[in-house]
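This report describes selected features of one structure, taking strand pairing, aromatic contacts and surface in turn.

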Amino acid sequence: YVETTIQGLSCAGVPDGSITLNITTELPSYIVQWTNGMVGNTITGLDSGTYSYDIIGDADNILYSSEVTVSESSPITWDTILSPPTDMSSCDGQLSLQISGGLPPYYVTWNESQYDGQTQIESICDGVELIATIEDSNGCVSVTDSYLILNTGDYRAVETDLVLFPI
């Protein structure tokens, strides 16, 4: 009898998955050989994917074979909705982040700390640059683009696409 415990990746792209096999048998000895070259009942540091294994008894007889799939959460993504200030002297711009992926709930911190915790910001003045850091409940972190708010009705987004690993 084989009971399998799978720990998926904590964050997209972070190879920290693991598989543990709890094997109940009356055989005096056996080994678990994985097709990725690892040996043992527990393997760690795994990327997402399918891992096959053989339970090998005495005289190198394969007693049981199976496969296990390690999954990962989707990366944190966001859409931005922006309304720039109506003119250079107005502070009526708005920015909204619509966040998905990862594992909700999310916490957002901004380079302008008065906006921390907010996904919708109002009363933005002309010339303000905003950068958000989004953290999900697994501790996965993603940094948004840099938004320079201009009264021309346009904004510039400087791509960063920076993904950081959990602390």
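Predicted model: local features only at pLDDT ≥ 70, side-chain atom pairs only at ≥ 80, totals over all residues.

Strand β2 covers residues 17–23 and runs antiparallel to β1, to which it is joined by 6 bridges. Both strands belong to an open sheet of 3 strands, ordered β1-β2-β4, with antiparallel pairing. The edges are taken by β1 (2–7) and β4 (42–46); each has a single partner strand, so one side of each has no neighbour in the sheet. On average, and with direction ignored, neighbouring strands of this sheet are turned by 10° against each other.

## Aromatic pairs

A pair of aromatic rings is described by the distance of the centres and the angle of the planes. The structure holds 2 aromatic pairs. One of them joins Trp34 and Tyr53, with 4.9 Å from centre to centre and 50° between the planes, and is tilted. Trp34 lies in strand β3 (residues 31–34) and Tyr53 in strand β5 (residues 49–56), so this pair ties together parts that are 19 residues apart in sequence. Both Trp34 and Tyr53 are buried.

Tyr53 also pairs with Tyr64: the ring centres are 6.3 Å apart and the planes stand at 50°, so this pair is tilted. Here the link runs from strand β5, which holds Tyr53, to strand β6, which holds Tyr64, so parts that are 11 residues apart in sequence are tied together. Trp34, Tyr53 and Tyr64 form one aromatic cluster.

## Burial within the cluster

Is Tyr53 buried or exposed? The relative accessible area of Tyr53 is 2%, and because buried means under 20%, Tyr53 counts as buried. Tyr64 has 40% relative accessibility. Exposed would require over 50%, so Tyr64 counts as partly exposed.

## Surface patch

Which residues make the nonpolar surface patch of about 270 Å²? The patch is made by Leu27, Leu63 and Tyr64. Tyr64 is placed in strand β6, which spans residues 62–70.

Residues of a patch need over 30% relative accessible area, and Tyr64 is partly exposed at 40% relative accessibility.

Methods:
Residues numbered from 1 in each chain as written. Heavy atoms only, no water. Patch = residues over 30% accessible without salt bridge, like charges linked within 9 Å, V, L, I, M, F, W, Y side chains within 5 Å. Areas by Shrake-Rupley, 256 points an atom, 1.4 Å probe, with all protein chains shown as cover. Salt bridge = Lys/Arg side-chain N within 4 Å of Asp/Glu carboxyl O. Helix = DSSP H or I, 4+ residues; strand = E, 2+ residues; numbered from the N terminus. Buried < 20%, exposed > 50% of the residue type's maximum accessible area, 1.4 Å probe, protein only. Phe/Tyr/Trp six-rings, centres within 6.5 Å; stacked < 30°, edge-to-face > 60°. Pairing = 2+ DSSP bridges. Axes fitted to C-alpha atoms, helices over the stretch in contact; angles between N-to-C directions.
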